[in-house]
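Have the coordinates open while you read.

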Amino acid sequence: MDNRTNDLLNRQINIEFYSAYLYLAMSTYFSEINMDGFAKFMKKQAKEELEHAQKIYDYLLLRDKKITYQRIEAPDTDWISALDVLDDAIEHEKTVSAKINELYRVAKETDDYATMNFLDWFVEEQLEEEEKFRILREKIKAFDECSCTLEAMDRELNKE
């Protein structure tokens, strides 16, 4: 593994931790407006992001590469609705996908087949993440944030 790939993987660990921080903030927003199902959903997403960071961390250790630690930025939390939160989540996942794709491109350019193989899981995961948020957003949008529909969705998410 070359230094650039190592640096990008370390950056990705930071991005995954930021994602967890962002989704925890979103969970807090939903808790504050008494939407416990949405809060639970976002807390679950935060946990998944920590698992992604751990997966990359373990991979770097496996490859005997240096792990560096970077500051985790505080997320913006000025949401005004559930739709607003999900819009931000979708945009964030698109950004994460772009970073994973950049990592994959660099691994490919340097003939780092092990890292390409490792990143295949993340490429697939990002497709699923974007779709999950997009579907939830479209359900909310389709009902124009009718409070009864949001309450029903919130109850459904709380069951998972």
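This is a predicted model: local features need pLDDT of at least 70, side-chain atom pairs count only at pLDDT 80 or more; totals for chains, interfaces and linings use all residues.

Which residues form a nonpolar patch on the surface?

1. Phe17, Tyr21, Leu50 and Ile72 make it up, and together they have about 350 Å² of accessible area. Phe17 belongs to helix α1. With a relative accessible area of 34%, Phe17 counts as partly exposed, because that value falls between the 20% and 50% cut-offs.

2. Asn14 is also in helix α1, which covers residues 3-32. Here the relative accessible area is 15%, so Asn14 is buried, the cut-off being under 20%. Setting aside residues up to four places away in sequence, Asn14 touches Gln70, Arg71 and Ile72. Ile72 is one of the patch residues from point 1.

3. Now the inside. The largest nonpolar core has 25 residues, and Tyr23, Met26, Phe30, Phe38 and Phe133 are those with the most contacts inside it. At least two residues of this core come from each of α1, α2 (36-62), α3, α4 (113-142) and α5 (147-159). The biggest contributor is α1, with 7 residues. There is also a second, separate core of 16 residues, with Leu9, Leu60, Ile100 and Val106 among them.

4. Beyond its neighbours within four places in sequence, Met26 is in contact with Met42, Trp79, Val85, Asp88 and Ala89.

5. A quick geometry check on helix α3 (residues 82-109) works out. Its 28 residues should span 40 Å at 1.5 Å a residue, and the end C-alpha atoms are 41 Å apart, which agrees. After α3 comes Asp111, with a positive phi near 55°.

6. On to charges: the structure holds 8 salt bridges. One of them pairs Arg11 with Glu102, with the closest N and O atoms 3.2 Å apart. This pair links distant parts of the chain, since Arg11 is in helix α1 and Glu102 in helix α3, 91 residues apart.

7. Asp112 and Arg63 form another salt bridge, also listed at 3.2 Å, N to O. Asp112 sits in the loop between α3 and α4, and Arg63 in the loop between α2 and α3, 49 residues apart. Asp112 is buried at 6% relative accessibility, while Arg63 is partly exposed at 24%.

8. Within helix α4, Lys132 and Glu129 lie 3 residues apart, about one turn of the helix. Their side chains meet in a salt bridge (3.4 Å, N to O). Glu129 is buried, at 1% relative accessibility, whereas Lys132 is partly exposed, at 27%. Through shared partners, salt bridges join Glu48, Glu129 and Lys132 into one network.

How values were computed:
Residues are numbered from 1 along each chain as its sequence is written. Side-chain values use heavy atoms; hydrogens and water are left out. Helices (H or I, at least four residues) and strands (E, at least two) are DSSP runs, numbered from the N terminus. The expected span of a helix is 1.5 Å times one less than its number of residues. Buried means under 20% relative accessible area, exposed over 50%, partly exposed in between (1.4 Å probe, protein chains only). Contact means heavy atoms within 4.5 Å. Patches are made of residues with over 30% relative accessible area and no salt bridge: like charges are joined within 9 Å, nonpolar side chains (Val, Leu, Ile, Met, Phe, Trp, Tyr) within 5 Å. Accessible areas come from the Shrake-Rupley method with a 1.4 Å probe; for residues, only the protein chains shown count as cover. A salt bridge is a side-chain nitrogen of Lys or Arg within 4 Å of a carboxyl oxygen of Asp or Glu. A nonpolar core is a set of buried Ala, Val, Leu, Ile, Met, Phe, Trp, Tyr and Cys residues joined through side-chain atoms within 4.5 Å.
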